[in-house]
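User: I am new to this model and would like a close look at one part of it, followed by a walk through some other parts.

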Amino acid sequence: IRPTCGEMGDLTQLIAAFLFADSINHGIRMAVSPVLQYLFYMKQIGIVSSPLGNNGLFLKYAENPFPKFLQRGLRVSLATDDPLHFHHTGDTLVEEYGTAAKLLGLSATDLCEIARNSVLISGFSKVTKRKWLGQDYEKGAEHNSFQHTHVPTIRLIYREEVMNTELTILCSALQRRQGRGMLGRGISHGASSPTPLTRGEDNTSDDKIEQQNGEWYVKFQRIGIHEPSPQQADCFYRMSLTTGPKASDAKAEASNLLALALSLRYKYLQPQMTTAPASPAWRTSSAGLINGLEHMQLDLQQGLVALFDRTTGKCVVDLPYFPTVEQYQRDCTTIHDVWEDVSVKSLSHQRLEILHGKFQMHNALNSDLEAGGDNEHRDFYQSYKVDNHVHLQSGMTAKQLQHFFLEKATKATEDVVMVMNDEPYTVGWLLEQLGISDVNSVDIRKLTSQTDPTTMQPFDDFNARYNPKGDGELHKLLLCTDNSMSGRYAAEVIKTAFKELENNTYLFTEYGLTICGFSQNDWHNLAAWQNIHGVASAHNKFRVQFPRLYNVAQEHAKVANLAELLCNIFVPLWKVTLQPSTDPILDHFLSHVSGFDMMANERAIDVPIYLGDPKDWTSKDNPNYSTWMYYLWINITALNYVRRMLGKNTFAFRAHCGEGPLQYLGCAFLTAAAIVGGTNLTKDPALEYLYYLGQVPLSMSPISSEFSEYLQHPFPNFFKRGLMVSLASHFPLQFHHTQEPLVEEYSIASKLWKLSPTDLCEISRYSVLQSEMDHELKKKWLGPTYVLHSSIGNDPKFSNLPSVRVAYRFETYHAECNQLEKSLPHGTRLRRRFYTLEEEDKILQEMKATPRPTRVESLGSFSMTLHSDVTAPYRQDSSNSDIHPSLDPENLGASTSTDVQRQLEDKIRDLERRIESLSNHTTLHLSS
């Protein structure tokens with residue numbers, strides 16, 4: 001019996017079909033009912049689909065549930081339905097398969113499985129089916145004849161084992177109800193262990209099978225799901241992969257290259273001392289004052305600003321060993337060769353897909369556990385979050401700028417905005433020049449600071465949005481710190497934004513100020529602006545941005561060569577570090593600065609790499625991006641070393657990249673502590689995997705991204721795979737509409753990408769971890785042991801993030817590292833970003849933490865060898881039964897209809913979780 005049903009309308013027809021039909025036509029309405037999907041799956045009722053026909057009538061091809069049904073193991077096949085109306089070629093069925101392969105991303109194995117399903121569903125005789133599928137096709141997956149079906153035995157055994165697992169789960173639940181009723185099986189073999197293989201002429205070759213306990217098994221990576229022990233309160237369902245066939249030589253080589261790349265990043269982030277650091281002769285105990293400076297000078301040699309002896313020319317500071325610019329370029333080339341290696345790309349793609357599938361499986365199994373009970377802390381709004389990147393000139397909202405503009409245009413028309421030829425010019429005069437007679441008519445639209453789709457291309461149109469009313473003079477008056485008013489208006493409007501920020505106890509920012517390096521006075525001028533106008537907030541740390549504007553400096557004769565620009569940036573910092581009394585205002589300002597950013601227009605064409613002395617770079621072109629990165633990194637690292645010895649705050653180095661050439665991401669991987677952007681990581685799996693293994697922080701703003709449509713933005717994929725991503729606003733003035741731009745970022749992301757409260761709390765925790773806020777603040781926000789990476793480092797009462805999620809990330813990361821280490825030479829260890837459990841225990845002992853926190857992670861080995869049993873996520877109640885007594889027909893009278901309804905809804909949610917788990921299980925199987 002094969003009725004046509006489930007194409008539209010309610011689900012009544014599908015319910016009847018489940019009771020009586022052997023297969024059905026269409027069935028797409030089943031997508032809204034996880035329960036019906038699960039029932040059709042368990043009975044393996046055939047579903048004959050025609051996505052092209054559905055597309056021609058009412059359902060877009062991309063929205064067809066066919067691929068989800070296939071992933072979840074439903075017995076689906078493709079058919080043409082009405083070739084006259086919907087097909088164009090002579091091979092209409094092949095057209096259906098070809099379209100599905102291209103638009104739904106189906107592999108050749110998928111197509112062969114669908115074709116096999118079509119034979120099983122068909123009404124042809126068993127004699128014909130044996131001819132097409134093999135003589136023993138009815139006996140189970142181990143009797144698969146690949147010569148006939150072209151479906152790998154691995155795929156069919158996987159399907160069979162998953163079905164047996166589901167049957168075992170249901171049968172166990174029924175048996176706990178005192179054996180009332182048994183379940184009919186839709187497929188052979190009831191054990192949940194691997195399916196034994198009958199060795200014969202049609203079976204897999206010897207190098208892909210193994211013998212266990214006298215039985216032969218097909219060797220492939222199986223997915224293990226480990227049920228929590230009832231004795232443990234804080235535990236969760238864990239996933240693991242059994243050991244598959246022996247790693248190929250290509251995989252071993254790829255693992256070695258990845259290990260090499262990670263060791264290079266470690267080399268630049270933690271430069272080693274060539275000798276034991278000595279107490280500098282130039283330091284005294286009196287508040288950082290320096291003795292003997294008359295014999296020393298600040299100079300730049302080979303691109304490094306440092307303190308040198310006037311007589312010998314030698315550096316008098318014991319600095320770490322720094323690679324030369326030639327060595328650095330060789331290391332950049334090595335990183336490039338690693339991510340361009342075909343075997344690395346192949347392995348990285350596979351591992352990223354596995355990480356993606358693992359997270360989806362974890363979500364399906366543990367979402368209820370992560371959601372917690374009524375007494376748990378799960379409120380995203382009360383999670384501390386940091387806006388890791390806000391441009392100061394765009395740091396206010398359009399509404400704040402409009403209100404400020406109207407206030408000055410009505411109440412401060414006599415303010416002097418500039419003086420030319422000893423004649424003052426006021427705000428009123430400027431308004432006349434702009435042709436503004438009625439200031440109340442100037443709304444947000446007329447200020448033209450907000451972007452729209454037409455302003456993103458070309459880039460100049462976007463930059464014009466920095467100019468209110470498109471006027472550069474108004475931009476300089478309202479948003480610049482170095483104008484005729486000494487930046488008073490810019491300070492006032494930013495303080496307005498700070499006041500709004502401080503209304504939210506849990507919201508903090510890192511505003512970006514700009515130093516171009518045109519003069520050594522730039523630092524003092526910026527510090528004076530901040531000091532005179534009191535531009536500070538307990539909710540903010542400043543980051544100083546170095547734009548790549550050497551070409552502009554050359555054009556305006558500000559500098560003669562690259563070395564002079566580097567001196568303009570770093571000599572004032574060394575001076576005030578060694579002798580704070582020379583510029584106490586700058587010394588105070590630097591205490592409010594958390595880090596330095598390197599900015600660049602990634603659309604600009606780069607010149608070839610320059611390996612010479614910066615003093616010899618006199619070209620009017622910008623030096624290569626990687627050259628900029630090297631000289632900024634080496635100078636910031638040297639400066640930090642000295643400031644650390646003097647007990648002063650240090651500066652993290654962050655790069656703006658990832659929206660242009662991939663080479664920029666490779667350079668940043670070596671030298672930058674964090675990244676702003678990173679969208680283009682999605683274009684190269686090897687680079688993306690390296691950023692995962694290195695846990696390089698990424699600060700992203702999908703709303704303000706100029707290079708990616710919002711729904712195509714890679715942020716949700718990065719997050720699911722475990723990259724350390726946070727949300728930031730970047731340009732509130734241009735892109736955001738509410739008075740809380742960062743919360744707006746989180747809100748839109750949660751709605752469009754279906755992020756859970758747990759996801760939002762994890763992202764906000766990432767934002768705190770990758771920020772440069774004070775250590776004591778982070779302890780207050782995340783807990784006293786936040787520096788640890790396991791669940792011990794997370795306190796849900798502070799972070800609002802369940803420790804289950806932290807434990808999952810921790811175990812998954814180490815499992816990845818262990819997997820790679822298996823292919824490395826014996827005894828070789830991978831450079832890991834996360835501490836191991838043993839390292840964390842030592843750190844805890846040093847902290848003398850009392851009471852000792854409870855660890856969620858398994859203390860066992862992080863080996864990928866797992867149990868073959870796949871147990872299900874069924875929570876047990878006090879009666880040790882998975883079926884609530886109120887659902888028993890004999891007890892229905894004892895419960896109210898509300899109770900029954902609630903229990904039914906609970907069970908439906910369980911089935912939704914089971915059917916989602918089946919889909920994720922298949923995704924993870926295909927990846928591994």
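Where is Gln 302 found?

Analyst: Gln 302 is found in the loop that joins strand E9 (296–301) to strand E10 (304–309). Before going further, note that this is a predicted model, in which local features need pLDDT of at least 70 and side-chain atom pairs count only at pLDDT 80 or more, while totals for chains, interfaces and linings use all residues. Residues are numbered from 1 along each chain as its sequence is written, and side-chain values use heavy atoms, with hydrogens and water left out. Helices (H or I, at least four residues) and strands (E, at least two) are DSSP runs, numbered from the N terminus.

The phi of Gln 302 is positive, near 50 degrees, in a residue other than glycine. Gln 302 counts as exposed because its relative accessibility is 57%; exposed means over 50% relative accessible area, buried under 20%, and partly exposed in between (1.4 Å probe, protein chains only).

Another positive phi in a residue other than glycine belongs to Ser 486, near 55 degrees. Ser 486 sits in the loop between helix H18 (472–479) and helix H19 (488–502). Its relative accessibility is 44%, so Ser 486 counts as partly exposed.

His 656 is placed in strand E17 (residues 652–657). With a relative accessible area of 10%, His 656 is buried. Contact means heavy atoms within 4.5 Å. Leaving aside neighbours within four places in sequence, the residues in contact with His 656 include His 389, His 391, Asp 597, Glu 602 and Tyr 625.

Tyr 625 also numbers among the residues of helix H24 (residues 625–645), whose 21 residues should span 30 Å at 1.5 Å a residue; the end C-alpha atoms are 31 Å apart, which agrees. The expected span is 1.5 Å times one less than the number of residues. In H24, 19 of the 21 residues are buried. Gly 647 follows H24 and has a positive phi near 75 degrees.

Helix H6 (residues 92–104) has 13 residues and should span 18 Å; its end C-alpha atoms are 18 Å apart, which agrees. Its buried residues include Thr 92, Tyr 97 and Leu 104. The buried residues of H6 pack against several elements, among them helix H3 (51–57), strand E4 (76–78) and helix H7 (108–121). Just after H6, Gly 105 takes a positive phi of about 70 degrees.

H7 also meets helix H10 (residues 153–175): the axes come within 11 Å and cross at roughly 65 degrees. Axes are lines fitted to C-alpha atoms, for helices over the stretch in contact, and angles run from 0 to 180 degrees between N-to-C directions. This crossing is right-handed; the near helix is turned clockwise from the far one by less than a right angle in a right-handed crossing, and anticlockwise in a left-handed one. Thr 109, Asp 110, Glu 113 and Arg 116 in H7 meet Arg 155, Leu 156 and Arg 159 in H10. By class, these residues are one nonpolar, one polar and five charged. Ala, Val, Leu, Ile, Met, Phe, Trp, Tyr, Cys and Pro count as nonpolar, Asp, Glu, Lys and Arg as charged, and the others, Gly among them, as polar.

Helix H25 (residues 662–671) and helix H26 (residues 685–693) pack at about 25 degrees, with axes 11 Å apart. That makes H25 roughly parallel to H26, a term for angles under 35 degrees. Their crossing is left-handed. Leu 662, Leu 665, Gly 666, Ala 668 and Phe 669 in H25 meet Leu 687, Leu 690 and Tyr 691 in H26. This contact has seven nonpolar, one polar and no charged residues.

Terms used:
Angles under 35 degrees count as roughly parallel, over 145 as roughly antiparallel, 65 to 115 as roughly perpendicular and the rest as oblique.
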